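Morning, everyone. I have one model to walk through today, so please bring it up on your screens.

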Amino acid sequence: MFNRPDEEIIHIELEEITKLTDAIFTKYGYDFGNYAVSSFKRRILMVLKKYGLKSIDKLIQKILFEPSFFEQFVLDITVNTTEMFRDPTFYKALKQQVIPILATKPEFNVWHAACSTGEEVISLAILLDQEGILNKAKIYATDINHVVLQKAASAAFPVRNLDFYHENYAKTEFPGQLSDYYTIENGMMQFDKRLIQNVKFKHHDLARDVHFYKFDLILCRNVMIYFNQELQNRVFELLHNSLFMNGFLCLGAKESLIWCKIADKFETVNSHEKIFRKIKS
Amino acid sequence: MNFESILKNKKFEAIVIGGSAGSFTVITQILAELPQPFVLPIFMCLHRLKDKREGFKEALEIKSKIKIEEPDDKTLIQQNIAYLAPANYHMLIENKKMISLATTELVQFSRPSIDVMFESAADVYRDKLLAILLSGANKDGADGMRTIKERGGFTIIQDLNTCSMITMPEAALKITHIDLQLKPNQIPDFLRTLNHLILNEVL
Ligand SMILES: C[S@@+](CC[C@H](N)C(=O)[O-])C[C@H]1O[C@@H](n2cnc3c(N)ncnc32)[C@H](O)[C@@H]1O
């Protein structure tokens with residue numbers, strides 16, 4: 001016979017999630033109603049555990065009456081995991097299939113939508129620099145989360161990831177060493193600020209805000225997996241509107257646009273690396 | 001064991017399988033002996049090396065009777081396919097129609113984690129879920145089995161005497177009710193009976 005552990009499992013129902021996201025939307029205007037329930041539920045459970053809250057109702061109370069707690073809550077539930085040169089083969093493909101086309105332009109615009117702490121921004125900047133086209137780029141890096149944006153703007157990452165990032169870099173087979181681009185300062189890999197000279201870090205909520213510029217290249221990686229299909233469709237519209245004709249859209253390794261409503265407005269450049277190109281307006 | 005009487009009145013809609021160290025041959029055998037067509041979707045979470053992206057699916061596919069797919073996010077769920085959690089992603093069941101992926105933190109030192117997949121499947125399928133936990137050297141999957149049981153699902157572990165690593169199924173056995181312990185060669189029999197019953201709408 002088994003021993004039931006003392007700790008109860010909290011089971012969350014769909015209606016409770018809706019109650020919570022409605023409350024947040026009404027009070028703060030953040031729209032979590034269309035986040036993918038399966039992973040959102042897990043985040044909520046994690047938050048309940050972290051703060052010793054026994055029910056969704058308790059959580060709603062706290063969110064409504066403590067704005068500072070809400071800020072922390074947003075940090076807790078959004079997933080910020082990122083890496084330098086995440087999916088090294090993706091960067092290789094960028095170099096081979098996208099960079100040569102950008103290089104022909106007198107100038108071009110890049111958008112990192114949901115950039116998190118900026119590892120992706122620096123990674124691409126390094127590639128652009130090596131190709132001698134960094135100075136032609138105007139780059140926007142946006143996120144819903146102010147805290148990660150601030151970190152991103154410092155271009156410094158914890159040294160504990162150093163070996164891992166070096167490994168990723170080696171897999172890209174780009175020239176030289178990653179260490180050509182940073183120095184160690186206060187336990188951080190401090191990257192050359194020159195890399196983010198042309199980068200504007202800006203708050204932007206993909207679920208709520210409209211398009212603000214036109215781009216030749218958009219990286220929107222590993223954020224839409226946290227959205228449900230309805231919101232994904234809306235975001236694809238937004239990204240489509242934000243691209244110049246023939247502009248490139250890059251998704252995360254396991255994201256796809258084949259199920260989205262406007263899939264036919266893109267052509268596939270690299271199906272394995274999830275690189276697409278706008279072919280219809 | 002009379003599987004038919006055990007399966008009576010159980011209207012299963014999906015199967016989840018978790019495994020870790022020592023489960024590869026067992027899962028291969030299960031896949032090799034699946035009846036055709038197999039009417040329920042199968043979701044598998046099997047631990048493996050972090051950056052071993054390629055090769056694992058292919059290795060499983062060699063003998064498998066049904067297609068194995070490492071799904072992209074929001075993949076539509078189909079019958080006669082075994083979905084394998086991709087390396088470095090948690091695989092969650094979003095609803096009865098689709099799969100979601102996530103790169104949230106490791107659970108029980110694992111990503112993909114069996115707990116994550118099992119718990120999301122339990123939320124969606126409730127008492128229509130069949131869960132199988134195989135050999136493994138850590139405790140991933142135990143909490144998931146408990147959630148599945150509390151949500152009314154049916155829980156099977158690999159017979160401890162046949163496990164090359166018992167930690168995983170044993171951890172489940174310690175914290176929740178396990179409906180059946182099956183030897184590797186009994187699992188295909190069980191699934192065949194299940195499939196047969198559904199196809200003949202005896203259930
Ligand atoms: C997993 S990170 C991805 C970072 C990077 N693009 C990568 O692939 O490594 C996801 C980021 O999406 C952000 N995010 C979540 N919801 C968002 C929204 N509605 N609008 C903009 N950013 C959002 C989170 O704050 C987080 O920084």
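Start with strand 8 and strand 9 of chain B, residues 180-182 for the latter. 3 bridges join the two strands, and they run parallel. Look at B:Gln158: the residue opposite is B:Leu182 in strand 9 of chain B. How does the chain get from strand 8 to strand 9 of chain B? Through helix 6 of chain B, residues 167-175, in a right-handed β-α-β crossover.

One caution before going on. This is a predicted model. Chain B has a mean pLDDT of 93, and 97% of its residues reach 70 or more. For the complex, the predictor gives an ipTM of 0.90 and a pTM of 0.93. Where pLDDT is low, the predicted coordinates should not be read in detail.

Back to strand 8 of chain B, residues 154-158. Is the strand mostly covered or uncovered? Covered: 5 of its 5 residues are buried. Now the directions. B:Phe154, B:Ile156 and B:Gln158 point one way. B:Thr155 and B:Ile157 point the other way. Both sets are buried. In a regular strand the side chains alternate between the two faces of the sheet.

Strand 8 of chain B has another neighbour. That is strand 7 of chain B, residues 129-133, joined to strand 8 by 4 bridges. This pair is parallel too.

What is the strand order in chain B? 3-4-2-1-7-8-9, with 7 strands in an open, parallel sheet. Strand 3 (67-69) and strand 9 of chain B are the edges, each pairing on one side only. From one strand to the next, the twist averages 20°.

Strand 3 of chain B pairs with strand 4 of chain B, residues 81-84, over 3 bridges in the parallel sense. There, B:Glu69 has B:Tyr83 as its bridge partner.

Helix 4 of chain B, residues 114-125, lies across strand 1 (14-19), strand 2 (42-46) and strand 7 of chain B. Against strand 1 of chain B, helix 4 runs at about 165°.

A quick stop at a loop residue. B:Pro37 sits between helix 2 (24-32) and strand 2 of chain B. Its relative accessibility is 45%, so B:Pro37 counts as partly exposed. Leaving aside residues up to four places away in sequence, B:Pro37 touches B:Asn80, B:Asn195 and B:Leu199. Compare B:Pro37 with B:Phe190: 153 residues apart in sequence, and 15 Å apart in space, C-alpha to C-alpha.

Last topic: charges. How many salt bridges does the structure hold over all chains? 33. Here are some.

One goes between chains. B:Glu105 meets A:Arg43 at 2.6 Å, N to O. B:Glu105 is in the loop between strand 6 (99-102) and helix 4 of chain B, and A:Arg43 is in helix 2 of chain A, residues 37-50. B:Glu105 is partly exposed, with a relative accessible area of 42%. A:Arg43 is buried, at 7%.

Another is within chain A. A:Glu173 and A:Lys92 form a salt bridge, with the closest N and O atoms 3.4 Å apart. A:Glu173 lies in the loop between helix 8 (162-172) and strand 4 (182-185) of chain A, and A:Lys92 in helix 5 (residues 88-103) of chain A, so the pair ties together parts that are 81 residues apart in sequence. A:Glu173 counts as exposed, at 60% relative accessibility. A:Lys92 is partly exposed, with 23% relative accessible area.

Then A:Asp205 with A:Arg208, also a side-chain salt bridge, at 3.4 Å, N to O. A:Asp205 is buried, with a relative accessible area of 2%. A:Arg208 is partly exposed, at 38%.

Finally, a network. Salt bridges link A:Glu13, A:Lys41, B:Asp123, B:Arg126 and B:Arg151. That's the tour. Thanks.

Conventions: Residues numbered from 1 in each chain as written. Chains lettered and ligands numbered in written order. Predicted model: local features only at pLDDT ≥ 70, side-chain atom pairs only at ≥ 80, totals over all residues. Heavy atoms only, no water. Buried < 20%, exposed > 50% of the residue type's maximum accessible area, 1.4 Å probe, protein only. Pairing = 2+ DSSP bridges. Right-handed = clockwise from strand over helix to strand, strands pointing away. pLDDT = per-residue confidence, 0-100. Axes fitted to C-alpha atoms, helices over the stretch in contact; angles between N-to-C directions. Contact = heavy atoms within 4.5 Å. Salt bridge = Lys/Arg side-chain N within 4 Å of Asp/Glu carboxyl O.
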